[in-house]
Amino acid sequence: MKRIIAALLVTSALSAPAMAADVYGKDSLKDSPASASVNSVDFSGPYIGIGFGGEFANTELDLRRTTFDGIGSDGLVGDAVLGYDFRAGSFVFGPRVQFGITNVDTTIGSNDLLTLDYFINLGGRAGVVFNRTLFYAHGGYEMMFASSDNAGYDQWLDDADLNAFTVGLGVETAISSNLSLGLEGAYIYGVDDAEGTEAFRGMARINLRR
């Protein structure tokens, strides 16, 4: 009897890996929770993000012989991001396009001199994954489109070159296999026809991957 019990124990021990493989699928123990890699979330492939946040700017403009220097502007921002990430080990990098709508305005008294209506940002990001979280830096070239309640200023804005550069940092954490939450900050500078203008933008975003 003892020999039979011992044989059964040995057989059970030898068959445990095969049973685990059946439970976890064809990759067996490699994909089991106990043996998951530290970099367990695959930040790669196409994704789309929807975000909401705010922007604060220091505006300097020369409109039809009138100079505005150091005027504060602020407002809300909503955006959509479409991108594609490549992953090599713990490193993630890839291009992205950002489209945003805003009500960031520059007002003196009751005069709404300039409103940033929307923008398009062409750029990319690169970062490092730790477990379920991606820390990254991003940059891009932004094309801004603005309007004014003043007809003369509005015509100037139609002809103005309001393109700028952006740089910033962000963090994105996976909450499921295809959903993640992120926070991102951006510094906007070097506006072509308003070189003294600079802005800071903060966004909270939810991303859907594949």
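Predicted model: local features only at pLDDT ≥ 70, side-chain atom pairs only at ≥ 80, totals over all residues.
I'll start with the residue itself. Glu184 sits in strand E7, which spans residues 179–189. Its relative accessible area is 7%, so Glu184 counts as buried, the cut-off being under 20%.

Next, what surrounds it. Setting aside neighbours within four places in sequence, the contacts of Glu184 include His138, Leu169, Gly170 and Met203. One goes to the side chain of Tyr136, at 2.6 Å. Another goes to the side chain of Arg96, at 2.9 Å.

The Arg96 pair is also a salt bridge, with 2.9 Å between the closest N and O atoms. This pair links distant parts of the chain: Arg96 is in strand E3, residues 91–108, and Glu184 in strand E7, 88 residues apart. Both partners are buried.

Glu184 forms a salt bridge with Arg205 as well, and here the closest N and O atoms are 3.3 Å apart. Arg205 belongs to strand E8 and Glu184 to strand E7, so this pair ties together parts 21 residues apart in sequence.

Now, which residue does Arg205 pair with at 2.6 Å? That is Asp79, again by a salt bridge. Asp79 is buried at 5% relative accessible area, and Arg205 is buried at 7%.

Putting the pairs together, Asp79, Arg96, Glu184 and Arg205 form a network of salt bridges. For context, the whole structure has nine salt bridges.

Note on methods: Residues numbered from 1 in each chain as written. Heavy atoms only, no water. Helix = DSSP H or I, 4+ residues; strand = E, 2+ residues; numbered from the N terminus. Buried < 20%, exposed > 50% of the residue type's maximum accessible area, 1.4 Å probe, protein only. Polar contact = N/O pair within 3.5 Å; in protein donor to acceptor, adjacent residues only side chain to side chain. Contact = heavy atoms within 4.5 Å. Salt bridge = Lys/Arg side-chain N within 4 Å of Asp/Glu carboxyl O.
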